[in-house]
Amino acid sequence: SGYGGSQNILPPPPFAGAPARPSNFHTISLGLLVFLPALIFFGISLGYALLYHQMPALCWSFTALCVCLSALFMIARPVRDGPRYWFNLGSLCLIATLAGNIVGQWNMHRHFSEYWAFEGQREYSNV
């Protein structure tokens, strides 16, 4: 057993219960980690900015749905050892949900509330 002769340099095969990974696994996982939280952030912030005046229950329901989705990702059990991918995805989605809620509320109260205040005064009764 000389220098490096008895060591196995290949990683061990996955255990029998784990499914085989597709060839584009890292692209898909990185895409989910980037685009799902971004989609949640923009969906919530645009929903609050454009829909909150007429349908606030829809905006809050979508926020609750995103929080539940984040919690579901965070409690998912990992199949393999290593980084906790689903927990990280859930954490990013939760952060995107909270940030989208804050930014959407701020944007609605800062910019769109003026529009809705003027929009509601179009009827002239003493002309």
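1. Helix H3 has these buried residues: Leu 89, Gly 90, Cys 93, Ala 96, Thr 97, Gly 100, Asn 101, Gly 104, Gln 105, Met 108 and Trp 116. Buried here means under 20% relative accessible area, with a 1.4 Å probe and protein chains only. An α-helix has 3.6 residues a turn, so residues three or four places apart point the same way.

2. A word on the source: this is a predicted model, where local features need pLDDT of at least 70, side-chain atom pairs count only at pLDDT 80 or more, and totals for chains, interfaces and linings use all residues. Residues are numbered from 1 along each chain as its sequence is written, and side-chain values use heavy atoms, without hydrogens and water.

3. How do H2 and H3 pack? Helix H2 (residues 56-75) meets H3 at an angle of about 160°, with the axes 7 Å apart; the axes are lines fitted to C-alpha atoms over the stretch in contact, and angles run from 0 to 180 degrees between N-to-C directions. The two are therefore roughly antiparallel (over 145 degrees).

4. Do look at the kink of about 50° in H3 (residues 85-119), which is centred on Phe 112. The bend is the angle between axes fitted to the seven residues ending there and the seven starting there.

5. For the whole protein chain, there are 3 helices and 0 strands (DSSP runs of H or I, at least four residues, and of E, at least two). Buried residues make up 20% of its 127 residues.

Key: Buried means under 20% relative accessible area, exposed over 50%, partly exposed in between (1.4 Å probe, protein chains only). Angles under 35 degrees count as roughly parallel, over 145 as roughly antiparallel, 65 to 115 as roughly perpendicular and the rest as oblique.
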